[in-house]
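Welcome, and please take a moment to look over the chain shown below. A short briefing follows, grouped by topic.

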Amino acid sequence: MSKIQIASVIGVALALWLLVLLEPILMPFFVSLILAYLGDPITDWLEARGLARRWAVSIVFLLLGIGLVGAMLILVPVLGRQVAQLIEALPAIFNWVQTSVLPEVQALTGVDLSADFDQLRNALMSNWRETGTFAAAFLAQASRSGLALAIWIGNIALIPVVTFYLLLDWDRIKCLLRDMLPRHVEPRATALSRECDDVLSAFLRGQLLVMLSLGVIYAVGLSILGLKFGLLIGVFAGLASIVPYLGVIVGILTAGVVAFFQFGEWTALLGVLVVFGIGQVVESTLLQPLLLGDKIGLHPVAVIFAVLAGGQLFGFIGVLLALPVAAVIMVLLRHLYGRYRRSSLYDRGLAQGEHTP
């Protein structure tokens with residue numbers, strides 16, 4: 001290895017070591033980085049139409065704030081009520097499954113699942129009780145540890161400040177990083193960064209908008225059907241749509257069980273299928289072509305592995321950075337694979353000036 005390569009490896013190792021050491025304070029900066037990345041295209045669009053950068057950033061920042069506050073004011077109370085209703089309905093749902101579903105399963109398959117279902121019910125009810133007391137336990141712990149609470153509030157308060165300044169200087173930061181690169185590396189690094197930006201755009205901008213749109217379609221459709229917990233199921237199915245087909249599968253199964261339990265008829269499932277069918281048609285004919293285009297995203301298995309690995313290695317910050325980092329790694333691996341296919345290591349004929357058929 002050359003001295004430059006050795007220095008690069010040492011630099012990467014030191015950067016990772018610093019990330020581990022500074023992990024407790026990095027959350028607001030990473031959240032701000034993602035928000036600034038999401039808001040930069042709108043800021044550039046406003047700037048191209050004659051607005052000063054600072055005014056464009058202010059408008060984007062105001063729109064983001066209004067959107068977040070409005071969503072919290074509208075969704076949080078409704079979702080909170082539906083979660084409370086779901087917790088209250090769980091005992092009745094469990095009794096219905098035990099008295100109606102399990103005997104039918106045993107009659108058809110000869111398998112008695114009563115013991116396993118009792119264990120599952122006890123585990124779920126125990127977890128729900130713990131979840132219900134989580135807020136009280138958190139507030140009690142926060143009151144005992146005033147410094148920890150102050151740090152947590154400070155981190156949350158830092159997010160809008162850091163986001164504003166990152167968004168204000170986003171283009172300047174990109175130019176500075178590009179100018180710092182060695183001249184013989186800059187063209188290739190710029191091309192790779194553009195390819196990474198395409199993948200990141202498809203996932204962070206396009207996929208998030210697809211998830212949001214599907215969540216709205218599912219929630220509105222199930223609510224029109226009069227389904228209990230329709231908003232909760234729709235939001236959950238929209239979030240699960242980050243993995244292709246997972247959202248529609250989870251949504252149909254969950255909404256189907258609730259619909260049958262609520263209305264007592266199998267025909268109620270037709271309405272559920274229609275709602276999710278409309279969502280899939282809108283996604284394939286409108287959302288995917290308009291928001292994602294022909295950009296190549298990550299494989300669904302890679303998405304699941306990236307999120308789980310990020311959470312295991314770096315906690316909440318790892319979950320935030322899992323998909324962006326995985327997308328960049330995918331682009332780099334694809335680039336390395338292309339170089340490998342063009343090398344003599346893959347085809348010795350290339351070293352002798354021959355061409356493979």
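## A first look

Arg-178 is partly exposed, with a relative accessible area of 32%; on this scale buried means under 20% relative accessible area, exposed means over 50%, and partly exposed lies in between, using a 1.4 Å probe and protein chains only. This is a predicted model, in which local features need pLDDT of at least 70 and side-chain atom pairs count only at pLDDT 80 or more, while totals for chains, interfaces and linings use all residues. Residues are numbered from 1 along each chain as its sequence is written, and side-chain values use heavy atoms, with hydrogens and water left out.

**The chain as a whole**

- The chain has twelve helices and zero strands; both are DSSP runs numbered from the N terminus, with helices being H or I over at least four residues and strands being E over at least two.
- Of the 357 residues in the chain, 29% are buried.
- Contact means heavy atoms within 4.5 Å. Among contacts between residues at least 6 apart in sequence, 68% join residues at least 24 apart.

**Confidence**

- The average pLDDT of the chain is 78, and 85% of the residues score at least 70; pLDDT is the predictor's confidence in each residue, from 0 to 100.
- Over residues 130–139, pLDDT stays under 50, and the model has zero contacts beyond four places in sequence for this stretch.

**Around Arg-178**

- Arg-178 has its place in helix α6, which covers residues 170–180.
- Not counting residues up to four places away in sequence, Arg-178 touches Arg-183, Glu-186 and Thr-190.
- Arg-178 and Ala-189 are eleven residues apart along the chain, and their C-alpha atoms are separated by 8.4 Å.

**Where α2 meets α9**

- Helix α2 (residues 53–109) packs against helix α9 (residues 246–263) at an angle of about 85 degrees, with the axes 12 Å apart. The axes are lines fitted to C-alpha atoms, for helices over the stretch in contact, and angles run from 0 to 180 degrees between N-to-C directions.
- The two helices, α2 and α9, are therefore roughly perpendicular to each other; that label covers angles from 65 to 115 degrees, whereas under 35 counts as roughly parallel, over 145 as roughly antiparallel and the rest as oblique.
- On the α2 side the contact is made by Ala-92, Ile-93 and Trp-96, and on the α9 side by Val-257, Phe-260 and Phe-261.
- These contact residues divide into six nonpolar, no polar and no charged. Here Ala, Val, Leu, Ile, Met, Phe, Trp, Tyr, Cys and Pro count as nonpolar, Asp, Glu, Lys and Arg as charged, and the others, Gly among them, as polar.
- Ala-92 is partly exposed, with a relative accessible area of 40%. Ala-92 and Phe-261 are 169 residues apart in sequence, yet 9.7 Å apart in space, C-alpha to C-alpha.

**The nonpolar cores**

- Which residues have the most contacts inside the largest nonpolar core? They are Tyr-218, Leu-222, Leu-227, Ile-233, Ala-255 and Phe-276, in a core of 27 residues.
- A nonpolar core is a set of buried Ala, Val, Leu, Ile, Met, Phe, Trp, Tyr and Cys residues joined through side-chain atoms within 4.5 Å.
- The elements giving two or more residues to this core are α2, α7 (186–224), α8 (230–240), α9 and α10 (268–292). The largest share, eight residues, comes from α2.
- Leaving aside neighbours within four places in sequence, Tyr-218 has contacts that include Gly-234, Ala-237, Val-248, Phe-276 and Gln-280.
- A second, separate core has 20 residues, among them Leu-46, Val-60, Leu-200 and Ala-327.

- Thr-163 lies in helix α5, residues 146–168, and is buried, with a relative accessible area of 3%. Beyond its neighbours within four places in sequence, Thr-163 is in contact with Ser-32, Leu-35, Ala-36 and Phe-61.
- Phe-229 sits in the loop between α7 and α8 and is buried, with a relative accessible area of 8%. Its phi is near 60 degrees, a positive value in a residue other than glycine. Most residues other than glycine have a negative phi.
- Val-274, in helix α10, counts as partly exposed at 49% relative accessibility. Val-274 and Gly-221 are 53 residues apart in sequence and 8.8 Å apart in space, C-alpha to C-alpha.
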